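Hi,

Here is the structure I promised to pass along. Could you have a look at it with my notes on salt bridges and helix packing beside you?

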Amino acid sequence: MKYFWQSIRTRSYWKYALLSVDGVKTFFAVLGAVWLLFEMMNFFKVFNPETLPSYSFITLIFISILIVIITRPPISKIIYKHSSQDLQIEVRIGDLFAIKGQKVISTNTTFDTDIANGVIAANSLQGQFTNKYYPQQIQVLDQKLDQDLANIPSTHYQKVSGKDKKYPMGTTVRIDIASEIFYLLAMSDLNVNNTAQTTLDNVLKSTEELWEFIIAKGENEPIVLPLIGTGRGRITTNRKRLIARIAQSFTKASEQHIFSSKLVIVIHPTDAENFNINLFEVKDLLNHYLP
């Protein structure tokens with residue numbers, strides 16, 4: 001209910017509800033139906049229209065608007081279409097693993113994978129990925145990572161536990177599992193106590209490296225990206241602003257190469273509720289940041 005009231009206070013909601021083609025159709029359909037009912041009641045002498053108060057038509061408009069709101073409630077996704085490029089940016093509240101496309105899994109610059117000892121939280125996105133696709137097979141995942149990272153320069157980084165090779169921010173490893181494609185993207189650092197931290201600059205640098213990697217080694221499929229850095233990365237940037245900056249990075253990279261015609265930015269339902277993420281406000285922000 002809180003999300004509902006927040007949404008209907010935004011300009012984008014009213015544009016969606018009343019100024020869209022479907023919204024206008026609904027409004028006039030309701031207005032016409034109620035007006036026809038009044039005419040029928042007058043025809044059968046049920047009542048005399050002249051007895052209606054002067055504000056009746058305003059009341060009728062209000063009722064029509066109310067019905068439009070009821071039939072067009074706040075939504076779980078919005079789509080922004082770029083004005084000059086054949087690109088779509090979709091922002092959706094949902095489960096990343098349930099969405100079709102090549103999926104991005106955020107990780108750390110040491111590519112630690114240890115869930116059993118708490119280096120990686122089981123309920124984090126990386127933890128969910130590991131438990132879903134490599135149950136009891138972390139060694140297999142580590143072998144794949146070591147193989148792909150073998151030729152990438154690293155520095156020695158000592159922590160209380162876990163891996164000690166640190167790779168550049170934005171390092172990406174592609175993992176193909178059956179018909180699905182995943183990209184493990186390094187976008188945060190683990191400190192000596194294995195606590196993850198990142199910044200807006202790190203996130204933006206990582207996404208830039210990700211686009212370059214997909215241009216070189218990816219597929220021309222929708223890219224499904226979580227709100228990287230907002231969980232255990234402890235980024236201080238507002239989530240709505242982060243969405244806009246990631247979308248801006250994607251459209252800028254696409255000016256030189258169209259490596260995917262669609263970016264899906266996924267917000268976990270818990271995040272949407274806990275941080276009052278209003279998709280209509282997000283749409284307004286995308287309109288502000290993007291052409």
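Let me start with lysine 163, which forms a salt bridge with aspartate 142, their closest N and O atoms being 2.8 Å apart. By salt bridge I mean a side-chain nitrogen of Lys or Arg within 4 Å of a carboxyl oxygen of Asp or Glu. This pair links distant parts of the chain, 21 residues apart: lysine 163 is in the loop between β4 (155-156) and β5 (165-166), and aspartate 142 is in helix α6 (residues 138-149). Helices (H or I, at least four residues) and strands (E, at least two) are DSSP runs, numbered from the N terminus. Lysine 163 is partly exposed at 22% relative accessible area, whereas aspartate 142 is buried at 18%. Here buried means under 20% relative accessible area, exposed over 50%, and partly exposed in between (1.4 Å probe, protein chains only).

Before you go further, please note that this is a predicted model: local features need pLDDT of at least 70, side-chain atom pairs count only at pLDDT 80 or more, and totals for chains, interfaces and linings use all residues. Residues are numbered from 1 along each chain as its sequence is written, and side-chain values use heavy atoms, with hydrogens and water left out.

Searching the whole structure gives 12 salt bridges. One of them joins the side chains of glutamate 90 and lysine 262, at 3.0 Å from N to O. Because glutamate 90 sits in strand β2 (residues 88-93) and lysine 262 in strand β10 (residues 262-267), the pair ties together parts that are 172 residues apart in sequence. Glutamate 90 is buried, at 1% relative accessibility, while lysine 262 is partly exposed at 22%. Arg92 also belongs here: Glu90, Arg92 and Lys262 are linked in a network of salt bridges.

Another salt bridge pairs aspartate 189 with lysine 166, with the closest N and O atoms 3.6 Å apart. Aspartate 189 is in strand β7 (residues 180-190) and lysine 166 in strand β5, so parts 23 residues apart in sequence are tied together.

Now to the helices. Helix α2 (residues 11-19) and helix α4 (residues 56-71) pack at about 105°, with their axes 10 Å apart; axes are lines fitted to C-alpha atoms over the stretch in contact, and angles run from 0 to 180 degrees between N-to-C directions. The two helices are therefore roughly perpendicular (65 to 115 degrees). Tyr13, Trp14, Ala17 and Leu18 in α2 meet Ile65, Val68 and Ile69 in α4, contact being heavy atoms within 4.5 Å.

Best wishes

Notes. Parallel < 35°, antiparallel > 145°, perpendicular 65-115°, else oblique.
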